[in-house]
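Dear colleague,

Please find below the structure that I promised to hand over to you. Once you have had a look, read on for what was found in it.

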Amino acid sequence: FQEFHQGQVEPEILDQAWLEKQPGLLKTFEQFSSWDWRFGNAPQFQHQMVEQLSSGMFEVHMDSTEGHIARVQGFADTLNHDLVISLQAHLLGKAYNHVGIEAATQAVFKEFPEHAQEILELSKWLKEQVEI
């Protein structure tokens, strides 16, 4: 930019403190960075995730409508089949975000506390995938 415009300017750091001094911009930033704007108003979409976890290969297909999980199908080569069915049931209808994933995996944990490590790893991975 400086080369093109043949000028020198010190970069200005636009951090939270700077943003708070710009009331109009702060309101716009908050609107566009909110979950409701990014996911709640999002068109219907599908998300397919595949990962090799310590307990085996795990694959999840999710359909999201209005920011909520409308359909989910999970596959695993070594995890307990009942655990996968439980995860599918608990994810259905949850918000497509960290909070929804955490609520679903906590419910699965209550059913299968003996699989705590696998559920924790699965929860961490899913949360990384749904909200970047």
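Val 50 stands opposite Glu 59 in β2, and this pair belongs to the stretch where nine bridges join β1 to β2, the two strands running antiparallel. Please keep in mind, as you read, that this is a predicted model. A hairpin leads from β1 to β2 through two residues.

Taken together, the three strands form an open sheet in the order β1-β2-β3, with antiparallel pairing. Its edge strands are β1 (45–53) and β3 (68–76), each of which pairs on one side only, and from one strand to the next the twist averages 15°.

Helix α5, made of residues 81–91, lies across β2 and β3 and runs at about 170° to β3, whereas helix α7, made of residues 116–130, lies across β1 and β2 and runs at about 140° to β1.

Within helix α7 you will find Leu 122. Is Leu 122 buried or exposed? Its relative accessibility is 2%, and because buried means under 20%, Leu 122 counts as buried. Leaving aside residues up to four places away in sequence, Leu 122 touches Leu 53, Phe 58 and Leu 87. With Leu 53 the distance along the chain is 69 residues, yet the C-alpha atoms of Leu 122 and Leu 53 are separated by 7.6 Å.

Next come the aromatic rings, for which a search of the whole structure finds two pairs. In one of them, the rings of Phe 45 and Tyr 96 have their centres 5.1 Å apart and their planes at 85°, so the pair is edge-to-face. Because Phe 45 lies in strand β1 and Tyr 96 in the loop between α5 and α6 (98–111), this pair ties together parts that are 51 residues apart in sequence. The two residues can also be described by their accessibility: Phe 45 is partly exposed, with a relative accessible area of 25%, while Tyr 96 is buried, with a relative accessible area of 2%.

In the other pair, the rings of Phe 58 and Trp 125 have their centres 6.1 Å apart and their planes at 85°, so this pair is edge-to-face. Phe 58 lies in strand β2 and Trp 125 in helix α7, so the pair ties together parts that are 67 residues apart in sequence. Both Phe 58 and Trp 125 are buried, and Phe 58 is one of the residues that Leu 122 touches.

Lastly, please look at His 47, which lies in strand β1. Its relative accessibility is 19%, and since the cut-off for buried is under 20%, His 47 counts as buried. Which residue's side chain does the side chain of His 47 meet in a polar contact of 2.3 Å? The partner is Tyr 96, whose ring also pairs with that of Phe 45.

Technical notes
Residues are numbered from 1 along each chain as its sequence is written. This is a predicted model: local features need pLDDT of at least 70, side-chain atom pairs count only at pLDDT 80 or more; totals for chains, interfaces and linings use all residues. Side-chain values use heavy atoms; hydrogens and water are left out. Two strands pair if DSSP finds at least two bridges between them. Helices (H or I, at least four residues) and strands (E, at least two) are DSSP runs, numbered from the N terminus. Axes are lines fitted to C-alpha atoms, for helices over the stretch in contact, and angles run from 0 to 180 degrees between N-to-C directions. Contact means heavy atoms within 4.5 Å. Buried means under 20% relative accessible area, exposed over 50%, partly exposed in between (1.4 Å probe, protein chains only). Rings of Phe, Tyr and Trp (its six-membered ring) pair if their centres lie within 6.5 Å; planes under 30 degrees apart count as stacked, over 60 as edge-to-face and the rest as tilted. A polar contact is a pair of N or O atoms within 3.5 Å; within protein, one must be able to donate a hydrogen and the other to accept it, and residues adjacent in sequence count only if both atoms are side-chain atoms.
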